[in-house]
Amino acid sequence: MDSSELSGLPYIPLAPYNGKGATGGDPLTDDLNVWYQSGDIAFMIIATALVLFMVPGVGFFYSGLARRKSALSLIWLSVMSAAVTTFQWFFWGYSLTFSRGANAYIGDLAHFGLNAVLARPSIGSNRIPDLLFALYQGMFSCVTVALATGAVAERGRMLPCVIFMFIWATVIYDPIACWTWNPNGWSNKMGGLDFAGGTPVHIASGSAALAYSMMLGKRRGHGTHELNYRPHNVTHIVMGTVFLWVGWFGFNAGSALSANMRAIMAAVVTNLAAGVGGITWCLLDYRLERKWSTVGFCSGVVAGLVAITPGSGYVPAWAAVPSGILGAAVANYATKLKFLLRIDDALDIFAVHAVGGLVGNICTALFASSHIARLDGVSVIKGGWVDHNWLQLPIQLADSFTGGAYSFVGTCAILFVLNLVPGLHLRAEEGCEVLGMDDAEIGEFAYDYVEERREVLGEVMGGGEGDTGSLFSIADRRALYSSSPLSAREKEGIPMVDYRMYGVGQAS
């Protein structure tokens, strides 16, 4: 096309930023939109929605891995974490993480309640405004908290966990995210490379999950036939994996903070690492069982996604293959660590996220390339080993182990104090654990088998059809369950094949 044809296009050139004040100007007298490309704004809003989409993905993934009598509680925790963390981010989380007056570890409260957060170019990129950057980064906090709280699976109480969400986001996530992504943070200044959350999201959440599992103690029957069960709903696992896989495009590609070539490369390596990771884990499981495990494939996809996250905006396309393979393989073998540590990490969060995140940070040190970072037109880095920057590996390791240790120790301290507060004891009573967290803590159920069981047991207790009033007391249900011959069989580890429709037994 010649210049005359180009001049006829409805294109509005980007105006250089010349706003005034902390908010960027007065919307009553100034058009605050002229400093940003509408394409960048649209791209980031879509990326924000995709990251939020990952939260129910985490819930369904965790729910499918657990037993059916606690399935809904894990979905509830995931969506509740989004609500609690969204408020925390508005309240002071964003300010503690991304305020311009931050020190090397934590920000100040200049943006408390999103004060003075509007149209000024963001601290992350001058291509999007403060308010959009705050919205997008808030979703990262939501996903991180959702990942960590899966550790309460099948034996943790809901109320202490909800309070833990707010405290953990403030004390653990915000400082780690600050030192990683805030220009004033010590890791950022040192040259640490973490494009989308290897340490703040995955290593932090995985280490926190390990600490939460340790503080809660082992589930009832751990190490016996009682807990020798398969994931109760593989369809939930697949659905959760798909949600995560799709949402991860917003997670990684969106971290370019504008619609550019760097975002495209991040999307390419994200998808490639996920596929390679799924194949790798599936093959490793097939080697042992000669079965093409769906759960194994889904676990590998997530491990591959975790491993590529920190390097997704730094590495070339080919690097996604070794990153996906190493992430899935190392995470697969890391699932055995919980037996060595004698900690009941029910959903293998530490293995997939903390160990996978560590592998990702190491791969970033090996494969990061300055010419990939420069695809956004502005970023300048020294690169990793492929660019002969040998010091990048110790920098990555220092960031990884500092973040993991801080999250683990800090989480233990938070939970120790919470457990001392009257009414906030972390662990559910044994009778509630037998009933399942859905019945004991939520009062609603993922499947209507529970209502069928109530009707049957109601008739056994002498009530008429549909008369289940005597069963609504947890104490009554616990007593009935403990005196039932079904409970005796379950305690002996005998499969309850004849009673699975009522959700009782080994497969419940």
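## Helices and overall build

The chain holds 20 helices and zero strands, where helices (H or I, at least four residues) and strands (E, at least two) are DSSP runs numbered from the N terminus. This is a predicted model, in which local features need pLDDT of at least 70 and side-chain atom pairs count only at pLDDT 80 or more, while totals for chains, interfaces and linings use all residues. Residues are numbered from 1 along each chain as its sequence is written, and side-chain values use heavy atoms, with hydrogens and water left out.

Of the 508 residues in the chain, 57% are buried. Buried means under 20% relative accessible area, exposed means over 50%, and partly exposed lies in between (1.4 Å probe, protein chains only). The chain exposes about 20800 Å², and carbon and sulfur atoms supply 65% of that area; accessible areas come from the Shrake-Rupley method with a 1.4 Å probe, and for residues only the protein chains shown count as cover. Among contacts (heavy atoms within 4.5 Å) between residues at least 6 apart in sequence, 73% join residues at least 24 apart.

## The second largest pocket

Rolling a probe the size of a water molecule over the atoms shows where empty space is left. On a 1 Å grid over the protein atoms alone, a pocket is an open set of points where a 1.4 Å probe fits, with protein on both sides within 12 Å along at least five of seven lines; lining residues have an atom within 4 Å of a point. The second largest pocket has a volume of about 920 Å³. For such a volume, grid points are joined across faces, edges and corners, and the space filled by probe spheres set on the points is taken.

The lining of this pocket consists of 39 residues, and Asn188, Arg262, Tyr314, Ser379 and Ile381 lie nearest its centre. Helices α4 (130-149), α5 (158-181), α6 (186-190) and α15 (392-420) each supply at least two lining residues. The most comes from α4, with four residues. By class, the lining has 19 nonpolar, 15 polar and five charged residues. Here Ala, Val, Leu, Ile, Met, Phe, Trp, Tyr, Cys and Pro count as nonpolar, Asp, Glu, Lys and Arg as charged, and the others, Gly among them, as polar.

## Aromatic pairs

A pair of aromatic rings is described by the distance of the centres and the angle of the planes. Rings of Phe, Tyr and Trp (its six-membered ring) pair if their centres lie within 6.5 Å; planes under 30 degrees apart count as stacked, over 60 as edge-to-face and the rest as tilted. By this rule there are 28 aromatic pairs. The rings of Phe91 and Phe166 have centres 6.3 Å apart and planes at 55°, so this pair is tilted. Phe91 lies in helix α3 (residues 71-98) and Phe166 in helix α5, so the pair ties together parts 75 residues apart in sequence. Phe91 is partly exposed, with a relative accessible area of 24%, and Phe166 is also partly exposed, at 22% relative accessibility. Ring pairs link Phe87, Phe90, Phe91, Trp92, Phe112 and Phe166 into a cluster.

In another pair, the rings of Trp318 and Phe367 have centres 5.4 Å apart and planes at 70°, so the pair is edge-to-face. Trp318 lies in the loop between α10 (294-308) and α11 (320-334) and Phe367 in helix α13 (residues 349-367), so this pair ties together parts 49 residues apart in sequence. Phe367 is buried, with 12% relative accessibility.

Thr97 is in helix α3 and is buried, at 0% relative accessibility. Its C-alpha atom is separated by 6.9 Å from that of Asn182, 85 residues apart along the chain. Not counting residues up to four places away in sequence, Thr97 touches Trp89, Asp174, Ala177, Cys178 and Asn182.

Ala351, in helix α13, is buried at 3% relative accessibility. Leaving aside neighbours within four places in sequence, Ala351 is in contact with Ala331, Ala334, Thr335, Asp345 and Gly356.

Leu272 is in helix α9 (residues 261-289) and is partly exposed, at 32% relative accessibility. Leu272 and Ser323 are 51 residues apart in sequence and 9.6 Å apart in space, C-alpha to C-alpha.

## Positive phi in two loops

Asp348 has a positive phi of about 55° although it is not a glycine, and its place is in the loop between α12 (337-341) and α13. His388 has a positive phi of about 65° and is likewise not a glycine. His388 lies in the loop between α14 (370-373) and α15 and is exposed, at 58% relative accessibility.
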